[in-house]
Amino acid sequence: SFPQCDNAKGLKAFYDAIKYGPNHLMVFGGVCATVTSIIAESLKGWNLVQLSFAATTPELADKKKYPYFFRTVPSDNAVNPAILKLLKYYQWKRVGTLTQDVQRFSEVRNDLTGVLYGEDIEISDTESFSNDPCTSVKKLKGNDVRIILGQFDEEMAVKVFCCAYDEEMYGSKYQWIIPGWYENLWWESWINSSQCLSKNLLAAMEGYIGVDFEPLSSKMIKTISGRTPQQYEKEYNAKRGDGQSSKFHGYAYDGIWVIAKTLQRAMKYLNATNKHQKIEDFNYTNHKLGKIFLDAMNETNFFGVTGQVVFRNGERMGTIKFTQFQERKEVKVGEYNAVADTLEISNNSIRFQGLEPPKDKTIIQEELRKISLPLYSILSALTILGMIMASAFLFFNIKNRNQKLIKMSSPYMNNLIILGGMLSYASIFLFGLDGSFVSEKTFETLCTVRTWILTVGYTTAFGAMFAKTWRVHAIFKNVKMKKKIIKDQKLLVIVGGMLLIDLCILICWQVVDPLRRTVEKYNMEVCP
């Protein structure tokens, strides 16, 4: 053994084992990414297969560079297909990313971009930061990003959520999706280094979704060892006592089984094809046996304590869990099975701040402002009453036109006043018909018709009144008190002259600059 991430000691221990120890069939382990990657790159020269249970760095997935490297733990990139499934499940098609400027997080972000490409999901904004995330958070809000995919450590997470609280980027309109490998009560270790109150930080954190690999399978099925994952965990806890637990222990346990089954398959293959060769004959220059071990490792497929153990290009196809931060604790709300490419969400466990999952953007609904139907109905009813009343007056006037008092009041002029009033009444119906009742083309026609009707109606009614008033004025202005008669025909000529002027104006208007339908944009309003 050697101190974690001490490259010199790690490499020395490996080379000493190769030089001075017995012939090793495989290499098991490698926790630190730097040491593991250097060893894994050189293994091809010794025909040695390496199996790691804790190295999650995405760099090790490069099979051209590390052809003999396998791992029982999913890589950091394994969360990205799970995130894609989650986005599709809630129909989130517009997201933004917020990444800490560290290689580990940048690699995951870059892989996520490739995973989302061609899936009809838009990354509308990509932000990164080194120490202060507030500027990036503001930019995300400015671009109306509602679903934020974060990649940062616990220390930066505290700063991010403090900024999110200041910018009001939390609650029912936002969903944060961040790494799920943080320690329990992780924020308590870093809250003092921020300028954020604990209650404000917790308010911003409420409802975030964490994504990480599942340490142990939740299925109550017997594994290859004959134990269920729950029985294994109970036995593991009993044997470790008060010792510190690692979330990789299940992957280490399954790793031993992977090696055992690999050697078993290699032995069966040798027995079936070459009676004289055994696995004990392996040495570092035996390329043929090394290739047999490599092929046998690729055939791994069994149910272990961490789920179905299957490799695809040396990468573990594992189970990814989703947890949600609810009232100061992490609650498991779903899991993604990479082997079957299926997502299971516990709708009873997951809780959103609003009545439904957040929308992925501000939804702008263009709504035509229209006349209130009840108001239009009331005014139409009053208009009908007015027209009925006018019709009654017209009938009364025509029926009694030969009576002396009616005859003296110029019934023909009265009829013109009533007809003008009825035309004006009729225009009310047309003015109430807006875009919610008629088509665009019909609306333009109505604009012209209602203007003509109202103009002609008004001129007819008030022109007749003016003519009658003028006749009274002309008679009583006669100071000589001579008998002066002004007949209705002359008054009709006056009204006709007024109508002729109106018609000339209306016709010129229609020819030169006819009325057109235009749409006026108003300021946006928050939907209640």
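**Close-up views of a predicted model**

Figure 1. Apart from its neighbours within four places in sequence, Met-317 makes contact with Gln-308, Val-310, Arg-312, Ala-338 and Val-339. Met-317 is located in the loop that connects β11 (315-316) with β12 (319-326). Its relative accessible area is 13%, under the 20% cut-off, and Met-317 is therefore classed as buried. Thr-72 stands 245 residues away from Met-317 in sequence, yet the two C-alpha atoms are 8.5 Å apart in space.

**Figure 2. Thr-319 in strand β12.** Thr-319 belongs to strand β12, which covers residues 319-326. With a relative accessible area of 14%, Thr-319 falls under the 20% limit and so counts as buried. When residues up to four places away in sequence are set aside, Thr-319 touches Phe-213, Glu-214, Thr-306, Glu-335 and Tyr-336. In the domain assignment, domain 2 comprises residues 77-214 and 319-345.

**Figure 3**

Figure 4. Helix α15 consists of 25 residues, 488-512, and extends 36 Å between its first and last C-alpha atoms, close to the expected 36 Å. Buried positions in α15 are Asp-488, Leu-491, Val-495, Asp-502 and Leu-506. In an α-helix there are 3.6 residues a turn, so residues three or four places apart point the same way.

**Figure 5. Spans annotated as transmembrane regions in UniProt.** An unreviewed UniProt entry places the feature "transmembrane region" at residues 373-396, 416-437, 449-470 and 491-512. In the model, residues 373-396 are 100% helix and 0% strand, and the end C-alpha atoms of this span lie 34 Å apart. Residues 449-470 are likewise 100% helix and 0% strand, with 31 Å between the end C-alpha atoms.

Figure 6. The protein chain contains 15 helices and 14 strands. Its domain assignment lists domain 1 (7-73 + 220-305), domain 2 (77-214 + 319-345) and domain 3 (396-512). Between the C-alpha centres of domain 1 and domain 3 the distance is 102 Å. The C-alpha trace spans about 150 × 55 × 40 Å along its principal axes. The radius of gyration of the protein chain is 43 Å, whereas a compact globule of 528 residues would have one near 24 Å. Buried residues make up 44% of the 528 residues. Of the contacts between residues at least 6 apart in sequence, 69% join residues at least 24 apart.

How values were computed: Residues are numbered from 1 along each chain as its sequence is written. This is a predicted model: local features need pLDDT of at least 70, side-chain atom pairs count only at pLDDT 80 or more; totals for chains, interfaces and linings use all residues. Side-chain values use heavy atoms; hydrogens and water are left out. Helices (H or I, at least four residues) and strands (E, at least two) are DSSP runs, numbered from the N terminus. The expected span of a helix is 1.5 Å times one less than its number of residues. Buried means under 20% relative accessible area, exposed over 50%, partly exposed in between (1.4 Å probe, protein chains only). Domain bounds come from an automatic or database domain assignment. UniProt positions are given in the numbering used here, feature names are shortened, and annotations may be inferred rather than shown by experiment. The radius of gyration is taken over C-alpha atoms; the globule rule is 2.2 Å times the number of residues to the power 0.38. Contact means heavy atoms within 4.5 Å.
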